[in-house]
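Subject: Handover of a structure and its salt bridges

Dear colleague,

Please find the structure below, followed by a summary of what was found in it.

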Amino acid sequence: MSAPNSHAKDPLRVYGISPLVGFALQDPEEKLPIEFHPWIEILHDSENLLKSKQFRSRVDQLSVLDYERLISYKHQRLARLVLCLLVQGYVWQDGDAGVLQSIPKCLAVPFHKLSMKLGWPAMITHADMMSNYKKIDPNCPLELSNLKLIFSLCGGKSFEWFFLIPLQMEINFAQHILPHILQSREAIVNKDTKTLGDALCKYSHGVEMMTATLTRMHEHCDPREFYNFRAFLAGWQSNVFKGGIIYEGISSTPVKHPGASAAQSSTLHCCDEVLGVKHGESAWTFLSEMRQYMPPGHREFIASLVKGPSIRDFVISQNDVGLAESYNKALLSLVHFRDYHIQVVVRYIVIPSHQTDCKKSHESLANVGTGGSGVLPFLKSVRDTTKAHLLPLPA
Ligand code: HEM
């Protein structure tokens, strides 16, 4: 299914992108019709149910609910979010040792069928987590201090903050990068180097804002707590699964999916494509797989950037020092983001993985990201390839 509410005159709406929150879902629905309350009741008590190891038994009491009654796009998105969280809690309740090889019919059938309608796999993804928010005060602005999660699978401030920071970064992208991406493409068509140079400088400012938001992760997300709850975001690719997981009632063949990762955020994919950054083969294999876990409209928008006029080629063709400097500034803002992001990964994954008091019940995740990548070599290669795109300044 393509993005909802297509409108040919609005270049963003066609792709299901919001000028306010970008690739996050604008004004997500918070409530499902009453017949879906058995799902919601489990999520409202999820923190206790996981601690007491009763999450699974509660899910096992569910029947297959009539997902076809969910007609509106936002209800379907909310149901997808609810099902993602129920599935993650169900599969990972007992860590690696107690992992299950199949998802029960009561979750698998509605999850799979709704995902088919919406157009991306029945698996928890970054986009789902970007539909899990509401304003604390509806009359106050949409900003970090006024946001909270609709559902918190594991409970606690760290879990909430871990998802609110990327949400604020989506907002930064929508308001401070996206308009300049659109403007820069138009500038190329008009061969307007002045506007392009300005747009590239504003783009770099926007990326710096995203990085500044990322530096706030440590304010309320504790690395040890993160290390313990990240297992609930994992997928079905590690060797604790016998070739993947079975979606009961859909197929008896196991399916493999990566877990939720911000590598699935369309923001950085756009930032790369706009500057013509091409990653090495192995990084690209991973990143292109991550695109399969984005809503279809977002994937299409990224593809439109690839097909559109190349900023990099245009800048090279102009032989203009000022323009090349603006391009390099934009590129360096991405390198800076990736440098800082590596520090975050060291702090939140590498160091806790060596601490004895961090949970050892999810060893399958010890050296990999939730998206399944081999963490540091991958992230360094992506950063270094970005840097390698710096242009020599014309004489
Ligand atoms: C505690 C916070 C974070 C941790 C521990 C973390 C960890 C990781 C890891 C392990 C990867 C490798 C891919 C995988 O297997 O999942 C990754 C990739 C990535 N992450 Fe994060 N991440 C964090 C926050 C964020 C945030 C808030 C963003 C914002 C969009 C982000 C953006 C990315 C991107 C774009 C990639 C793909 C590599 C790239 O393009 O540079 N991460 N992250």
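Which side chain meets that of Arg 69 in a salt bridge? The partner is Glu 35, at 2.4 Å from N to O; a salt bridge here is a side-chain nitrogen of Lys or Arg within 4 Å of a carboxyl oxygen of Asp or Glu. This pair links distant parts of the chain, 34 residues apart: Arg 69 lies in the loop between helix H3 (55-60) and helix H4 (73-92), and Glu 35 in the segment before H1. Helices (H or I, at least four residues) and strands (E, at least two) are DSSP runs, numbered from the N terminus.

This is a predicted model, in which local features need pLDDT of at least 70 and side-chain atom pairs count only at pLDDT 80 or more, while totals for chains, interfaces and linings use all residues. Residues are numbered from 1 along each chain as its sequence is written, and side-chain values use heavy atoms, with hydrogens and water left out.

Arg 69 is exposed, at 52% relative accessible area, whereas Glu 35 is partly exposed, at 30%. Buried means under 20% relative accessible area, exposed over 50%, and partly exposed in between (1.4 Å probe, protein chains only).

The structure holds 14 salt bridges. Among them, Lys 134 pairs with Glu 30, their closest N and O atoms being 3.9 Å apart. Lys 134 belongs to strand E2 (residues 134-135) and Glu 30 to the segment before helix H1 (37-44), 104 residues apart. Glu 273, which is buried at 10%, forms a salt bridge with Lys 278 at 3.3 Å. Finally, salt bridges link Lys 53, Arg 56 and Asp 94 in a network.

Yours sincerely
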